[in-house]
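Colleague: I'd like a close look at one part of this model, if you have a minute. Could you walk me through it in plain words?

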Amino acid sequence: MNSIVLFKNNLRINDNPALFHASESENKILPVYIHDDINIKKQLGSASRYWLYNALISLNKSLNFNLSFYRGDTIDILMKIIKKYEISDIYCEQPFLKNDIILFDQLKLKLSQLNVKFNIHNCTLLWSPQYILKKDNTPYKVFTPFYRKGCLEKIKPDLPVGVPNKLNFLPKDDSEIDDLKLLDKFRWYDKMDSQWDISENSAVKILDSFLESSIYNYKKGRDFPASNDTSKLSPYIRFGLISVNKIWYALDRLNFDRNIAHYKSELGWREFSYYLLYHFSFMDTKNLQTKFDDFNWENSSEKFDAWKKGETGYPIVDAAMRELWETGYIHNRMRMVTASFLVKNLLVDWRLGESWFWDCLFDADYASNIAGWQWTAGTGADAAPYFRIFNPILQGEKFDSEGKYTLKYIPQLKDVPLKYLQKPWEFSSNLDYANRIVDLKDSRDNALYQYSLIK
DNA sequence: TTTTGAGTTGTTCGA
DNA sequence: GTCGAACAACTCAAA
């Protein structure tokens with residue numbers, strides 16, 4: 001008899017519990033990737049598809065070119081494969097997002113009718129959301145108690161299972177990755193090939209080098225976009241080129257210090273995002289705090305476009321938006337600055353910002369992206385006071401005090417004295433640079449007024 | 001049920 | 001330049 005290992009969002013062979021457990025049985029293995037754009041609520045963005053394409057090439061190589069590629073409805077395709085081969089078992093990652101859970105419930109039913117065993121393993125999260133509840137059996141809505149009491153004090157994450165000892169593959173069908181049609185016709189991504197090495201090995205190398213030095217400056221350094229003190233592992237984590245369990249236990253092997261604890265808590269935030277989406281699945285399109293449903297978004301397409309292009313006239317915002325466009329990534333603090341600016345100063349609905357990040361970020365994660373935007377907008381799971389509005393001038397001066405990050409992405413400001421870099425209009429009105437699309441004080445006051453209306 | 005303490009990341013104003 | 005208070009009261013978690 002034979003097994004299918006169905007890959008979804010965990011495209012790796014090291015610490016992949018689904019693959020590992022399949023390899024422990026006597027069955028031969030048919031590794032399968034199905035690009036299912038039917039049972040999906042939101043199509044993958046362009047950046048995600050490019051990353052996925054390269055991650056699949058890497059995975060296929062790791063599997064000695066035994067990976068089969070299919071496109072279409074997951075259940076239809078699996079039924080065909082099951083008919084063709086003598087399949088007794090399917091191994092797959094456990095789903096945590098609502099659409100996937102529904103799909104897997106249907107699949108489970110079909111498989112039980114066919115007497116095919118469906119083995120699902122948690123490959124994605126350190127803590128399964130369904131078991132983390134308060135004493136009254138309701139889900140947490142605040143990060144700190146969720147993380148400390150719900151996660152850390154409750155149970156240790158699973159130990160990594162390592163690489164399968166042996167893999168006996170079933171001869172596969174002819175199928176090509178290009179059948180998946182992942183890449184856009186316009187080759188915008190050519191410039192990305194030199195910036196990102198998209199492979200499982202590369203993820204391990206990045207982790208190792210991060211743990212050798214930068215981690216010890218993480219707590220402070222993570223705030224400065226020009227420094228190199230973040231791991232930049234997020235896109236690798238997104239498609240599971242590295243497992244969070246492996247990262248967690250690699251951190252555990254280091255001598256405990258506050259930098260390591262802080263990095264772990266950031267992994268905790270990823271858990272929290274999945275957790276919220278699991279328990280409050282409506283928040284993918286609706287405000288978690290429903291009182292914001294009446295909020296009067298301005299949604300000016302001109303302002304939204306200027307933000308997307310990095311032409312708001314505020315250097316730190318524009319630098320970050322250009323970083324996104326040029327690299328498929330934005331530094332964490334810069335995500336907050338740009339998101340706050342869009343939602344609060346421009347009064348554009350967080351869902352529009354969320355969709356732009358979804359399209360452009362290599363680490364675009366369904367749960368993290370939504371939870372992050374709702375947090376910034378003040379509509380999410382946080383007691384974040386609505387009057388917390390980032391001031392892009394102050395943020396730029398504080399966190400890019402030497403202007404390195406700003407000038408990297410907006411070189412035409414190189415002749416502006418550092419003192420004026422974040423407010424170049426005070427230096428000269430004759431610069432080759434966008435005019436401010438809103439006044440900071442006016443737009444702030446207006447946001448505060450708009451927020452006061454829905455209290 | 002009631003009470004108490006606390007909540008990722010900020011800014012502005014006035015002393 | 002530096003510091004604390006105000007922003008404005010709310011929801012959550014847990015005793």
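What covers the buried residues of α5?

Modeller: Keep in mind that this is a predicted model. The cover over the buried residues of α5 includes α10. Helix α5 takes in residues 143–152, and its buried residues are Phe143, Phe146, Tyr147, Gly150 and Cys151. Seen around the axis, these five span an arc of only 115°, so they sit on the same side of α5. Turn to the face that points away from that buried side and you'll find Thr144 and Pro145, which are exposed.

Now let's follow the chain on from α10. Between α10 (258–279) and α11 (301–309) there's a loop, and Trp297 is in it. If you skip its neighbours within four places in sequence, Trp297 is in contact with Leu347, Val348 and Asp349. As for Met321, that residue is 24 residues from Trp297 along the chain, and the two C-alpha atoms are separated by 21 Å.

Next comes α11, where Lys303, Ala306 and Trp307 are the buried residues. Looking down the helix axis, they fall within an arc of 100°, so they line one face of α11. Ser301, Glu302 and Asp305 are exposed on the other side of α11. What do the buried residues of α11 pack against? They pack against α12 (315–327) and α13 (332–345). After α11 you come to Gly310, whose phi is positive, near 75°.

α13 has another partner to look at, namely α15. Two packed helices are described by the angle between their axes and the distance between the axes. Here the axes of α13 and α15 (residues 366–377) come within 9 Å and cross at roughly 60°, which means α13 is oblique to α15. On the α13 side, the contact is made by Arg335, Met336, Ala339, Ser340 and Val343, and on the α15 side by Gly372, Trp373, Thr376 and Ala377. The crossing of α13 past α15 is right-handed.

One last stop is the core. The largest nonpolar core has 109 residues, and those with the most contacts inside it are Ile4, Val5, Leu6, Val32, Ala55, Ile90 and Ala320. Take Val32: leaving aside neighbours within four places in sequence, Val32 is in contact with Ile4, Val5, Leu6, Phe7, Ser68, Tyr70 and Ile81.

Definitions and conventions
Residues are numbered from 1 along each chain as its sequence is written. Chains are lettered from A and ligands numbered from 1 in the order in which they are written. This is a predicted model: local features need pLDDT of at least 70, side-chain atom pairs count only at pLDDT 80 or more; totals for chains, interfaces and linings use all residues. Helices (H or I, at least four residues) and strands (E, at least two) are DSSP runs, numbered from the N terminus. Two residues are in contact if their C-beta atoms, placed from the backbone, lie within 7 Å. A residue is buried if 20 or more other C-beta atoms lie within 10 Å of its own, exposed if 12 or fewer, and partly exposed in between; C-beta atoms are placed from the backbone. The arc is that of the directions from the helix axis to the C-beta atoms. A nonpolar core is a set of buried Ala, Val, Leu, Ile, Met, Phe, Trp, Tyr and Cys residues joined through C-beta atoms within 7 Å. Axes are lines fitted to C-alpha atoms, for helices over the stretch in contact, and angles run from 0 to 180 degrees between N-to-C directions. Angles under 35 degrees count as roughly parallel, over 145 as roughly antiparallel, 65 to 115 as roughly perpendicular and the rest as oblique. A crossing is left-handed if the near helix is turned anticlockwise from the far one by less than a right angle, and right-handed if clockwise.
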